Amino acid sequence: MIWKRSAVLRFYSVCGLLLQGSQGQFPLTQNVTVVEGGTAILTCRVDQNDNTSLQWSNPAQQTLYFDDKKALRDNRIELVRASWHELSISVSDVSLSDEGQYTCSLFTMPVKTSKAYLTVLGVPEKPQISGFSSPVMEGDLMQLTCKTSGSKPAADIRWFKNDKEIKDVKYLKEEDANRKTFTVSSTLDFRVDRSDDGVAVICRVDHESLNATPQVAMQVLEIHYTPSVKIIPSTPFPQEGQPLILTCESKGKPLPEPVLWTKDGGELPDPDRMVVSGRELNILFLNKTDNGTYRCEATNTIGQSSAEYVLIVHDVPNTLLPTTIIPSLTTATVTTTVAITTSPTTSATTSSIRDPNALAGQNGPDHALIGGIVAVVVFVTLCSIFLLGRYLARHKGTYLTNEAKGAEDAPDADTAIINAEGSQVNAEEKKEYFI
């Protein structure tokens, strides 16, 4: 009886110790998120364990592993680590059906459990852009739709044009047939112009399963539009005798080729001097008859456009001699002519030939200079003649005055003749005086 009592006391003592130890044991797990097709690692840890078994079971409460023993025949499920403190398993090629709540059980008294939720992300399919038909005419309204399926949770779609995001778009989300994934679509509406030609419109799909690498779809726009025309002259100041090139710069899609040149509403008047080469009009040796309005016309399958250029041919500026040369020539000529008054014409001509500055660097005679020299020579000659005539007239008056001296007080003509100075009576005295 005493033995039985001691055995019972020992049993309760052991049970008490087990109960006390089990109260400090508790399994620890973590939720896991994995991309569809990836591998999930489920880990259960126990800080204090006195050789108590651990077990993993799936959302259907099927045992996957009991300690290191595999319970479910599924080749995708493998043991990673098994000890008294940890039980880790892996699930490869995860599908959406694997998503759910997994349970780790610690077989104490009572049994303790911990839950871990496995989230499987559905990867969105590569997006597709629809609604584009090439080509599009300028001014048309374009509607593009970007669509992607299989995302879980629903993916986000964004639009970009010229690397600039477009905010004003429509967004639609629909649940797929499996009731786990979603199909999302977004519609972009805008009116196109010629600046949209060649622009890349991008649809970008963002989703957490893509690891910060979004999926994109791109559509390059092709816009047809009427030509735009501009005339560019080769010189801003065309002058007579110079060539001129007028370039007709035309842009359009399809590209207009060739261009048509006209003058004043008609054909080019001088084809020999006005040569058309591609988009260029080359006018050789401009003259005043070339003045007028030149028109360049470009046409493609969409429409027609033109530009005009008003040509005004300017005179070539006169090239004058330097002002320092003309005074030098005039001074030299006048000085030489005054110094030699006996033969003014010859001196003036000789001086103009010997003048080192006369017509320096000229290829031909300067008629204005020659005329100036002749005028100076004529002027000096006339002055010489005038002075000579005046000199002669003065000497003649003196002679007459001397002849009349002594005759003023004579009573008659005979006496006046006799008394007059310079008469034949006194001729001998004058002769003797001069001898």
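**Close-up views of a predicted model**

Counting bonded cysteines along the chain, the disulfides follow the pattern 1-2, 3-4, 5-6. The model is predicted, and a search of the whole structure finds 3 disulfides.

**View 1. The disulfide of Cys44 and Cys104.** The sulfur atoms of Cys44 and Cys104 are 1.9 Å apart and form a disulfide. The two cysteines come from distant parts of the chain, 60 residues apart: Cys44 belongs to strand β2 (residues 40-45) and Cys104 to strand β8 (residues 100-106). The torsion about the S-S bond is -75°, and the link is left-handed. Cys44 and Cys104 are both buried.

**View 2. The disulfide of Cys146 and Cys203.** A disulfide joins Cys146 and Cys203, with 1.7 Å between the sulfur atoms. Cys146 is in strand β12 (residues 141-151) and Cys203 in strand β17 (residues 200-206), so the bond ties together parts 57 residues apart in sequence. This link is left-handed, with -65° about the S-S bond. Cys146 counts as buried because its relative accessibility is 0%. Cys203 is also buried, at 0% relative accessibility.

**View 3. The disulfide of Cys248 and Cys296.** The sulfur atoms of Cys248 and Cys296 lie 1.7 Å apart in a disulfide. Its S-S torsion is about -75°, so the disulfide is left-handed. Since Cys248 lies in strand β20 (residues 244-253) and Cys296 in strand β24 (residues 292-299), the pair ties together parts that are 48 residues apart in sequence. Cys248 has a relative accessible area of 1% and is therefore buried. Cys296 is buried at 0% relative accessibility.

View 4. Arg191 is part of strand β16 (residues 182-191). With a relative accessible area of 55%, Arg191 is exposed, the cut-off for this class being over 50%. Leaving out residues up to four places away in sequence, Arg191 touches Gly139, Asp140, Leu141 and Asp196. A polar atom of the Arg191 side chain is 2.9 Å from the backbone oxygen of Gly139. Gln143 is 48 residues from Arg191 along the chain, and the C-alpha atoms of the two are separated by 8.8 Å.

**View 5. Lys173 and the ring of Phe182.** Lys173 lies over the face of Phe182, at 5.4 Å from the ring centre.

View 6. The UniProt record lists residues 368-388 as "transmembrane region". Over residues 368-388 the chain is 100% helix and 0% strand, with the end C-alpha atoms 31 Å apart. Cys383 has a relative accessibility of 31% and so counts as partly exposed.

Methods
Residues are numbered from 1 along each chain as its sequence is written. This is a predicted model: local features need pLDDT of at least 70, side-chain atom pairs count only at pLDDT 80 or more; totals for chains, interfaces and linings use all residues. Side-chain values use heavy atoms; hydrogens and water are left out. A charge sits over a ring if NZ of Lys or CZ of Arg is within 6 Å of the ring centre and within 35 degrees of the ring normal. UniProt positions are given in the numbering used here, feature names are shortened, and annotations may be inferred rather than shown by experiment. Helices (H or I, at least four residues) and strands (E, at least two) are DSSP runs, numbered from the N terminus. Buried means under 20% relative accessible area, exposed over 50%, partly exposed in between (1.4 Å probe, protein chains only). Contact means heavy atoms within 4.5 Å. A polar contact is a pair of N or O atoms within 3.5 Å; within protein, one must be able to donate a hydrogen and the other to accept it, and residues adjacent in sequence count only if both atoms are side-chain atoms. A disulfide is a pair of cysteine sulfur atoms within 2.5 Å.
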